[in-house]
Amino acid sequence: MSNIQGGNIMSKKAKINNVIKDSISKLFILRDSCTGTSITQKDAPNIIWFEGAAILLQQGIEKLQSAQQKIASSDEDTSKDFSFNAKDTVSKLIVLKNSCQGVSRINESDENLNWFEGAESIICDVIDQLQKEFLKTETQKVATKAADSSESKKSAPTAATDDSEAVAAVKESEVDDADVEAEKQAAAG
């Protein structure tokens, strides 16, 4: 049975790792594109947006790489670290996605308008991937806690029964001791 559980754990970790790899790849592409745009279009009206986006994307990449390293090391806090890093990255990506929509596109070239649409699509895809995996991880943690809780509840009545049996045994012993004492007094008396 433990081999099956070990296989399931490895399979879950492999799935999380694949989601993280895919997300990192997409964020690298966006980050490099933002950096390239910053370099090639120094006079673009939203150049500061591209520079800021590159920084946010780099932070997201670093968070996901940290989670990926924890998974590879088989650290016990893998799901906790993944959850924290995924939440943080998703928060930054939501800000970035919303700012993609809000960027003034009046003076933007057609190339940049297409870039914003593509970037928004990629960001939405990464957010969805991470949120789905995060929800799976959270659901698994809740299920595990519930299973652990039901096991402790099953053992609790047994422990209570054991305690009540012990109390009854002590009371019987006291009654037996009182009977013995009464017999001694009657014999002496």
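**Checking the terms**

Mentor: Start with Lys136 and Glu133, which form a salt bridge with their closest N and O atoms 3.9 Å apart. The model is predicted, so local features need pLDDT of at least 70 and side-chain atom pairs 80 or more, while totals for chains, interfaces and linings use all residues. Residues are numbered from 1 along each chain as its sequence is written, and side-chain values use heavy atoms, without hydrogens or water.

Trainee: Why is the contact between Lys136 and Glu133 called a salt bridge?

Mentor: The term needs a side-chain nitrogen of Lys or Arg within 4 Å of a carboxyl oxygen of Asp or Glu. Here the gap is 3.9 Å, so the pair qualifies.

Trainee: How many salt bridges does the structure hold?

Mentor: Six. Among them is Arg31 with Asp32, 2.7 Å from N to O. Arg31 counts as buried because its relative accessibility is 17%. Asp32, at 42%, is partly exposed.

Trainee: What makes the bridge between Lys63 and Asp88 count?

Mentor: Its closest N and O atoms are 4.0 Å apart. Lys63 lies in helix H2 and Asp88 in helix H3, so the pair ties together parts 25 residues apart in sequence. Lys63 is partly exposed at 24%, and Asp88 is partly exposed at 22%. Elsewhere, Asp22, Lys26 and Asp125 are linked in a network of salt bridges.

Trainee: Next, rings. How many aromatic pairs are there?

Mentor: Six. Rings of Phe, Tyr and Trp (its six-membered ring) pair if their centres lie within 6.5 Å; planes under 30 degrees apart are stacked, over 60 edge-to-face, the rest tilted. Take Trp49 and Phe116: 5.0 Å centre to centre, planes at 65°. That angle is over 60, so the pair is edge-to-face.

Trainee: What does the pair of Trp49 and Phe116 tie together?

Mentor: Trp49 is in H2 (residues 47–72) and Phe116 in H4 (residues 110–188), so the pair joins parts 67 residues apart in sequence. Both Trp49 and Phe116 are buried. For Phe116 the relative accessibility is 0%.

Trainee: What about Trp115 and Phe116: why is their pair named as it is?

Mentor: The ring centres are 5.5 Å apart and the planes stand at 85°, so this pair is edge-to-face. Trp115 is buried, with a relative accessible area of 16%. Trp49, Phe50, Trp115 and Phe116 form one aromatic cluster.

Trainee: What does Trp49 touch beyond its sequence neighbours?

Mentor: Leaving out residues up to four places away in sequence, Trp49 touches Cys34, Leu96, Ser99, Cys100, Val103, Trp115 and Phe116 (contact means heavy atoms within 4.5 Å).

Trainee: Which residues touch the most other members of the largest nonpolar core?

Mentor: Ile20, Cys34, Trp49, Phe82 and Trp115, out of 31 residues. A nonpolar core is a set of buried Ala, Val, Leu, Ile, Met, Phe, Trp, Tyr and Cys residues joined through side-chain atoms within 4.5 Å. Helices H1 (2–40), H2, H3 (78–102) and H4 each supply at least two residues. H2 gives the largest share, nine.

Trainee: Last, cysteines. How many disulfides are there, and how do you know that Cys34 is too far for a bond?

Mentor: A disulfide needs two cysteine sulfur atoms within 2.5 Å. The sulfur of Cys34 is 7.7 Å from the closest one, in Cys100, so a bond is ruled out. Cys34 is buried at 1% relative accessibility. Cys124 is in no disulfide either, with the sulfur of Cys100 nearest at 8.8 Å. Cys124 counts as partly exposed, at 27%.

Technical notes
Helices (H or I, at least four residues) and strands (E, at least two) are DSSP runs, numbered from the N terminus. Buried means under 20% relative accessible area, exposed over 50%, partly exposed in between (1.4 Å probe, protein chains only).
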